[in-house]
Amino acid sequence: MIFYRLATAFFLLTSPLYALAQDTIRTESAQSADNLSHIYYQDLLLKVLQSTEADFGKVDVVTVDINVSQSRGFQLLDRDMLDVFWAGTNVEREQQYGAIAIPLIGGLLGIRVPVIDKANLTLFESIKTAEQLKKLKACQGSQWPDSDILEFNGYNVERIISFNLMYSMLKQGRCDYFPRGLNEVYAELSAPTNQGLVAYEPLLLRYPLPMYFFVSKQNEQLKQRLSLGLNRLIDSGELATFIKQHPTTADIFPLSRFSHSHILELTNPHLPETTPLDDNRLWWRIPVSTGGDIERGH
């Protein structure tokens with residue numbers, strides 16, 4: 001059994017982190033109370049490590065109490081202050097860090113649902129084309145690949161440095177919508193502070209953006225362990241079951257409920273050429289009709 005303990009470490013980011021045992025894996029903490037998808041990735045990491053315990057031994061997972069931007073999180077991998085960091089991929093990240101090129105949520109991160117204020121429902125019901133949506137302003141992370149993708153495709157983006165400000169700015173009317181991954185949105189909207197917001201399901205944005213586990217280039221053993229564990233979970237069907245049953249993602253199934261949504265297709269110009277888009281084991285899709293429940297594969 002893997003022992004999962006949350007540890008807080010109060011320190012200045014410019015100072016070295018206290019020494020941690022070699023059998024400890026450090027991850028970041030949730031950036032805010034809204035960031036409930038953090039629980040999904042933390043639980044998945046534990047499951048992956050558990051599946052490889054016989055091969056590599058037991059390990060503790062420690063959540064270090066830091067709030068960092070995505071670029072800072074990657075820097076902490078280099079500085080040996082974090083061991084695993086999860087994020088959407090791009091060419092630069094895969095060049096500089098050890099990417100385990102297996103989508104952690106079946107590519108559902110790249111299916112984006114506009115979160116809007118309920119007061120704007122009539123406005124969004126009138127939107128029928130991408131050009132109409134481009135006239136509105138999207139809240140998005142300043143360092144997220146999504147912001148680059150949206151801007152490349154002509155969308156108006158308000159880049160925000162901190163996740164805990166994004167829902168606040170949406171509620172203040174500083175932006176018109178907050179595109180959230182299909183796997184993220186419903187858990188986040190269940191928070192008491194977000195009761196005035198709604199996921200506008202009739203309109204979706206879609207682009208290829210897998211979420212990966214990243215490690216430092218030097219940590220080849222951990223990269224091998226995570227790759228082995230994820231492949232085992234995929235081959236056994238456990239990852240599919242995990243995605244369908246996890247409390248933060250269960251509400252999106254069956255995916256056929258989105259079959260009649262109007263989907264705006266976007267290009268991701270920063271997607272690495274090595275992305276395993278042709279491996280149907282790794283990807284989930286919205287069925288083209290409601291005549292079944294086939295939800296994986298392109």
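**Exercise 1.** Are Cys139 and Cys175 buried or exposed?

*Solution.* The structure is a predicted model, in which local features need pLDDT of at least 70, side-chain atom pairs count only at pLDDT 80 or more, and totals for chains, interfaces and linings use all residues. Residues are numbered from 1 along each chain as its sequence is written, and side-chain values use heavy atoms, with hydrogens and water left out.

Step 1. Buried means under 20% relative accessible area, exposed over 50%, and partly exposed in between (1.4 Å probe, protein chains only).
Step 2. By this criterion, both Cys139 and Cys175 are buried.
Step 3. For the protein as a whole, buried residues make up 54% of the 298 residues.

**Exercise 2.** Determine how Cys139 and Cys175 are linked, and which parts of the chain the link ties together.

*Solution.* 
Step 1. A disulfide is a pair of cysteine sulfur atoms within 2.5 Å. The sulfur atoms of Cys139 and Cys175 are 1.7 Å apart, and the two residues form a disulfide.
Step 2. The count for the protein by this rule is 1 disulfide.
Step 3. The angle about the S-S bond is -85°, and the link of Cys139 and Cys175 is left-handed.
Step 4. Cys139 belongs to strand β7 (residues 137-141), while Cys175 sits in the loop between α8 (163-171) and β9 (178-181), so the pair ties together parts 36 residues apart in sequence. Helices (H or I, at least four residues) and strands (E, at least two) are DSSP runs, numbered from the N terminus.

**Exercise 3.** Describe the packing of helix α1 against helix α10.

*Solution.* 
Step 1. Axes are lines fitted to C-alpha atoms, for helices over the stretch in contact, and angles run from 0 to 180 degrees between N-to-C directions. The axes of α1 (residues 37-51) and α10 (residues 220-236) come within 8 Å and cross at roughly 95°.
Step 2. Helix α1 is therefore roughly perpendicular to α10, a term for angles of 65 to 115 degrees.
Step 3. With contact meaning heavy atoms within 4.5 Å, the residues of α1 that meet α10 include Leu44, Leu45 and Val48, and those of α10 include Leu226, Leu230 and Leu233.
Step 4. The residues of this contact divide into 7 nonpolar, 2 polar and 3 charged. Here Ala, Val, Leu, Ile, Met, Phe, Trp, Tyr, Cys and Pro count as nonpolar, Asp, Glu, Lys and Arg as charged, and the others, Gly among them, as polar.

**Exercise 4.** Where is Glu273 placed?

*Solution.* 
Step 1. Glu273 is in the segment after β13 (262-265).
Step 2. Its relative accessibility is 84%, so Glu273 counts as exposed.

Methods:
Parallel < 35°, antiparallel > 145°, perpendicular 65-115°, else oblique.
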